[in-house]
Amino acid sequence: MRALLAHRLAAPVAIALIVVALAFVLPSNFYLRVAALVWISALAVIGLNLLMGFAGQVSLGHAGFFGLGAYAVAVLPAQFSLHPLLALLAGALVCGLIAFVVGRPILRLKGHYLAVATLGFGILIAMAIANESWLTGGPDGMPVSRLTLFGWRVRGASTWYWITGALLVLGAWLAVNLVASPTGRALRALHDSEVAARVAGVDVAHYKLIVFVISAVYASVAGSALALVNGFVTPDSANFIHSIELVTMVVLGGMGSVFGSLVGAAILVVLPQVLTTFHDYEHLLLGLMMMVIMIVLRSGIVPSLAALIRRTRP
Amino acid sequence: MTTLMKRMGLAALVAGAAAMASPASAADTIKIGSSLAITGPASFLGDPEAKTLELYVKKINEAGGVNGKQLELVVYDDGANANKARTFATRLVEDDGIVAMIGGSSTGATMAMIPVFEDAGIPFISLAGAVVIVDPVKPFVFKTPHTDKMACEKIFEDMKAKGIAKVGMISGTGGFGKSMHGQCLGVAGNYGIEIVADETYGPKDSDMTPQLTNIKSAPGLQAVVNPGFGQGPAIVTRNFKQLGFDVPLYQSHGVASKSFIELAGDAAEGVRLPASALLVAEKLPDSDPQKAVVTGYKAAYEEATGQPVSTFGGHAYDGLMMLVEAMQRAGSEDPQAIRDELEKTSGFMGTAGVVNMSPSDHLGLDLTAFRMLEIRDGDWVLAD
């Protein structure tokens, strides 16, 4: 059991099994849509978790990259008749480049300064999207043309369920491989102590930048996926609250846990749907649950439970 | 361990899924869905809309329901978030099994929900403003509020009648101001209006004197228009007075609430704006065919909620009543039949005006629906 848990492919395999198993359980398109939203959020959260959980850097502007990815598949096909898939890649490329250029000066900063700098960056992107209405449709958003693959129009909740599920599994697989690579080791060293990592010969600024770029690409792809699923984008996807939501998902599920990213995303996407029955007390209950989880399971749900199980079952 | 984790995750998701499932609907109720911005930055829209729907569904049910069946209203709060609205729309169609939909407080939320209802073939009456919702016409999508384009046309019509041709514009950069600004530029030519100055301000700006000074220096200026809502127009109005303009100021229907007059104070005196008859319900002449509807709604809303009536709740009233009449005419609650009857709505008197739908017009209001109001002694009066 412990060997299984320790295996580096445990998380992606578990996620793949969940995606397949749920497809047989979920009764209607509504549930499939909620699941697809979970997969999309989880994808962005895995990327952010690489940055927060493994490299120990906080980004409060990740929705900026998410929004850029979303608007890439909306704007590029509409303005330049680019195929949505190429637009998705272009969005990811642009986000990677922006993260590279912006990251170089920002990642010299530490702690709160880094958080504030990324916060500013995210807000800047959100403002640009809301204000350049000739390009982005402004605060009311703009439609996204339907994705066509080999003459087949991609639509329907179950189709998107499988596409987003596959994206998530791919993202999780890439993430665990990254973590297991020499780069991953350098990142963890950096997380534990930047000074020690530097003494051990790790190029701190270089590795921080790499992981920032990678996490930006994850967010961008997730944003593109959401825009394609919805067929419509609004600046909400890039706003500050969404950045906070992503960070909360990371912390709730467990920093440094790929599977925790899925759990965190699942809780924050599914719970509001469950709690609508409580009407006025919805936000109260959501806040209460988050507080209790953070107090009882201090290092996030998955790592805390894993540690608990390891202790009780020697 | 992996299996255990997997099970935990699965159990959590399935438990969530089970909890979401709503009880099966009884066959003798008609389910109507709604997703509104009850909380969040657009709650001034969603809150009166939700209260109106709940109030009138209750009244209709007490009076025996529709076609002998009780109405059942399912309302979700999307906080004006388009992605959430889309999820709730899917939920209403797939899970709650609604036959018709009212709502979408904001244009973004409405546009995100449209594909869901078009695919499912369920009539959707939006309560949001922008003209893109019904232009081009989509078979299952209707809307009740006036469009910003109509507000521009009403203002320019009034100007043309007064011989005003050179106009300065100062627009908010929020969704409403931006959209209306574009529409005004588009229709200005039709009324022989020339925009001689065009300035903007941000949603959080606290002083618009520089922009207004620029406008004031524009040669031949005869009037100023201010599309926007929130506190921006109130600040513009105060700065406008301080700078001693000698031309009229036109606001939009976006400021049609008592709080605007309170914020702008004395400076609001003489400001003109196009708005719904609801604001001047008691002041309408008895001969006005709209008087009974607007005074009736105003009294009912204010008595039930203890809050002053707003035009936004009125849009929800119009949508619900149009829907009920369509169901009565159809004699069934088949979504396709309701849609067909909604499209045939004619001579319906709502709080927004007379509605005459057609296959090429899913709004059905014309310029007479707007009243040109003026603010005098801290209250709205009919301008003409």
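Modeller: Happy to, and we can take a few spots in turn, keeping in mind that this is a predicted model.

Biologist: How many disulfides are there over all chains?

Modeller: The count comes to one. B:C152 and B:C184 form it, with their sulfur atoms 2.1 Å apart.

Biologist: Which parts of chain B does that pair tie together?

Modeller: B:C152 lies in helix α5 (residues 148-161) of chain B and B:C184 in helix α6 (residues 175-188) of chain B, so the link joins parts that are 32 residues apart in sequence.

Biologist: And is that link left-handed or right-handed?

Modeller: Left-handed, with -90° about the S-S bond.

Biologist: Are the two cysteines buried or exposed?

Modeller: Both B:C152 and B:C184 are buried.

Biologist: Switching to strands: how do β1 and β2 of chain B run?

Modeller: Strand β1 (residues 29-36) and strand β2 (residues 70-77) of chain B run parallel, joined by eight bridges. One of the bridge partners in β2(B) is B:D77, which pairs with B:L36.

Biologist: What unit do they make with helix α2 of chain B?

Modeller: A right-handed β-α-β unit: β1(B), then helix α2 (residues 43-62), then β2(B).

Biologist: Now chain A. Where is A:S215 found?

Modeller: In helix α11 (residues 204-230) of chain A. A:S215 counts as buried because its relative accessibility is 0%.

Biologist: What does its side chain reach?

Modeller: The side chain of A:S215 reaches the backbone oxygen of A:F212 at 3.0 Å. Leaving out residues up to four places away in sequence, A:S215 touches A:G47, A:L48, A:L51 and A:H62.

Definitions and conventions: Residues numbered from 1 in each chain as written. Chains lettered and ligands numbered in written order. Predicted model: local features only at pLDDT ≥ 70, side-chain atom pairs only at ≥ 80, totals over all residues. Heavy atoms only, no water. Pairing = 2+ DSSP bridges. Helix = DSSP H or I, 4+ residues; strand = E, 2+ residues; numbered from the N terminus. Right-handed = clockwise from strand over helix to strand, strands pointing away. Buried < 20%, exposed > 50% of the residue type's maximum accessible area, 1.4 Å probe, protein only. Polar contact = N/O pair within 3.5 Å; in protein donor to acceptor, adjacent residues only side chain to side chain. Contact = heavy atoms within 4.5 Å. Disulfide = S-S within 2.5 Å.
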